[in-house]
Amino acid sequence: MDTPQSEKPGVRWLVPAGIAVTAGVLIGAATPAGAVVVTEIQHFMDFYSGVFTLVGLTVSMVAGLVATDRMILKIQHRILAQALHRAATLISMAFLVSHVVIEILTRNADVVQVLLPIGRTSAIALGTVAAHLMIIVALTGVARARFATGRRPWLWRALHWLSYAAWILAIIHGLLAGRQAPVWVTWSYLVCVAGVGVALLARGLVTVRPRGGEEELPEESRSKAAKRKAAREASRSAQQAANERIKVSR
Amino acid sequence: MTGPTLMGPMVTHVDAPRLTLGFDRFERLDLDRHRAVHGRLYEPRLSKLMAMADQVDLRGRGGAAFPFARKLRAVGRHMTTGDIAVVVNAAEGEPGSLKDHVLLTRAPHLVLDGAVIAAHALESREIIIAVAGKGPALRSIRAAIAERKLPVRLVELTERFISGESGAVVRAVNGETPVPPGVKVRTADFGVDGRPTLLSNTETFAQLAVLSSLGADLYAGVGTSTEPGTVLLTVGGSTVVETPIGTPLGTVLERCGTTAGQGVLVGGYHGGWLTPAVATHVPVSRAGLTAAGGTLGAGIVLPLSPGTCPLGEVTRITSYLAAESAGQCGPCRLGLPDVVRALNALADGSGGPEGVRRAASIGRGRGACSHPDGTARFALSAIEVFEQDLTVHEVRGGCGLPVRGFLPLPMIEGGDGRLAVDWTRCDGHGLCAHLVPEIIRLDRNGYPIVLNTGIPPWVESNARRAVAMCPALALRLTTPDVRAERRN
């Protein structure tokens, strides 16, 4: 049950949990064995956080696109797709942060390059622009409810369309910057492109369709009502026995 | 008859007062005055107390009318083994009820006497008084406890319609969320901190004190043969009146300076409506009111004055009751908004009473407490009693009378938000109806119908999700306080 009471503890535990994990990592890194583990993790992140950022971004885009479908998906599936869209975005943003931090720490980029799209190679500059666009899209995505209240919902849509630009730039950045991409990584990029292409096509098709479509609702509610009625009748005899017990004493 | 005092609502009586004895002379009966008025405290043993309660058939006065002697017996079985707690339930969650408030404010020692008598008989060492909200009642009972140097624990509760249910009170005393528990456990066996607990309403304890000081025979000197004694009623949400059981309701209304008006609601918002003709003659007793189609409940009597639209008033109260649900049980969470929808349709002429009957057939006992039952009974009796008004609504789409809000409701807090649709943007995606089925349904074309009530707290997070997930950015949450909205 979603109640305000059940939400608060989650938020309350977030900060202490974060501090505990950070402290654990720092203490772990101080021991020789821990230092090895931390170095390994750092290497791993150095290799893959950029890849994961892009994969997360792609999943987010596909899920976001799929969520707009009215042809195949039912309402609950669209809600799930939206939830996936948000979760993938969050993961992608987290990896983006780690990607940028690690690139700075390993001296592959400097702070100026992160803030401005200038520098040694244009491949890195593309990544910078893509990251900035991603951040704009994510932040306005969080503030979506405000756009719904305001008078310019189209502004939100325009800003959200920037994600396509961000994504294409991110893919080019991924292929050109850094190490030579292994074959499977290149393949996964291709799968990404194909996925978003298909999803875009689906979106284009659906918006052409006239609104409304098949009405599931009356049928659904009727079947629900029938179920409720059946349940009522089934429990009627049980209720008579229960009636003795339900008297609420105040 | 005493006028309105500094201490609160007007208090009056038909025939000789018992619980309200001395109220015409004193605003508050402190210990000395209390002893002067009611005499010395007499503490009978359990067997004697049970015999007396049995003889006069003393019932719980919080609404359920559970036989007090049976309750004593159930708790008394644990006397040798358990550490028994005695709880005075003063969580008067129903708007329109003031009797417990008046007792605590003006005769706190009578209530304490009752609790002490019960505690003594059960050899209990802990008395707990659960009071809703701060105010004169809390101050008065606190002062009374200090006067007698009693080891009584005071628990402050948040005031809500359902928080007066016994299970909810026990949970509140235990420091849990004050909602009725899903699994019924007998408070008598497993109450406060898992101990056997005698929990009853404030008036019940006051009646117990009077019974013990008068003795069963004298106590039964007034009232009917099956229901002896007096009863406290709250009339019109403003006047508390003590009357012998069996008095015609018309006499009580007259004493309070009012009439039956368009109809009288008896038993509060879980009770039933009576037509003016029936209300004038019906005797104020459990049997009499039940036979007439109402209930005595917690003694709430609400005559509906002329000049307001009865159907509108009923809809207003039903919306409130739907929002007061704890949202725990499906039949209540989804069923009560259905009743509101059906009543709305009735009011604007688009639906008939059949719709209300269908929506209100929630089925008895299908909830952790009697909230769905009681609310359905309230709506059903209203469409019977106000049949004429319904016909006018059905034919003309309204009766032309304004809804004046004569029936009492608690003050609505500032954070009461509403969902609003921008119809130019809405594209009938239907996600909102899936996320908040309590408030939003879809019409035949797949567009949302938003129930025009406030958003109950347990729906709020889902309402926010619906706003965030609307593909057309057409849904928004409006709050009276714009700054509160900005913060979110």
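Of the contacts in chain A with a separation of 6 or more, 61% are between residues 24 or more positions apart, a contact being heavy atoms within 4.5 Å. The model is predicted, with local features needing pLDDT of at least 70 and side-chain atom pairs counting only at pLDDT 80 or more, while totals for chains, interfaces and linings use all residues. Residues are numbered from 1 along each chain as its sequence is written, chains are lettered from A and ligands numbered from 1 in the order in which they are written, and side-chain values use heavy atoms, with hydrogens and water left out.

The secondary structure of chain A consists of nine helices and zero strands, where helices (H or I, at least four residues) and strands (E, at least two) are DSSP runs numbered from the N terminus.

An unreviewed UniProt entry lists "transmembrane region" for residues 12-35, 47-67, 79-102, 122-142, 154-176 and 182-202 of chain A; positions follow the numbering used here, feature names are shortened, and annotations may be inferred rather than shown by experiment. In the model, residues 47-67 of chain A are 100% helix and 0% strand, with end C-alpha atoms 31 Å apart, and residues 122-142 of chain A are likewise 100% helix and 0% strand, with end C-alpha atoms 30 Å apart.

Chain B is divided into domain 1 (15-219), domain 2 (230-304), domain 3 (310-396) and domain 4 (418-487), with bounds from an automatic or database domain assignment. The centres of domain 2 of chain B and domain 4 of chain B, taken over C-alpha atoms, are separated by 41 Å. Helix α19 (residues 460-469) of chain B is mostly covered, seven of its 10 residues being buried, among them Ser461(B), Asn462(B) and Met469(B).

Over all chains the structure holds 28 salt bridges, each a side-chain nitrogen of Lys or Arg within 4 Å of a carboxyl oxygen of Asp or Glu.

| Salt bridge | Closest N to O |
|---|---|
| Glu203(B) and Arg61(B) | 2.9 Å |
| Arg153(B) and Glu126(B) | 3.0 Å |

Lys99(B) in helix α4 (residues 99-106) of chain B and Glu203(B) in helix α8 of chain B are 104 residues apart, and both Lys99(B) and Glu203(B) are buried. Arg153(B) lies in strand β4 (residues 152-157) of chain B and Glu126(B) in strand β3 (residues 126-132) of chain B, so that their pairing ties together parts 27 residues apart in sequence. Arg153(B) counts as partly exposed because its relative accessibility is 31%, whereas Glu126(B), at 17%, counts as buried. A network of salt bridges links Asp83(B), Arg125(B), Glu126(B), Arg153(B), Asp193(B) and Arg195(B).

His78(B), found in the loop between α3 (68-76) and β2 (85-90) of chain B, counts as buried because its relative accessibility is 19%. Leaving aside residues up to four places away in sequence, His78(B) touches Ile84(B), Ala188(B), Asp189(B) and Pro196(B).

Terms used
Buried means under 20% relative accessible area, exposed over 50%, partly exposed in between (1.4 Å probe, protein chains only).
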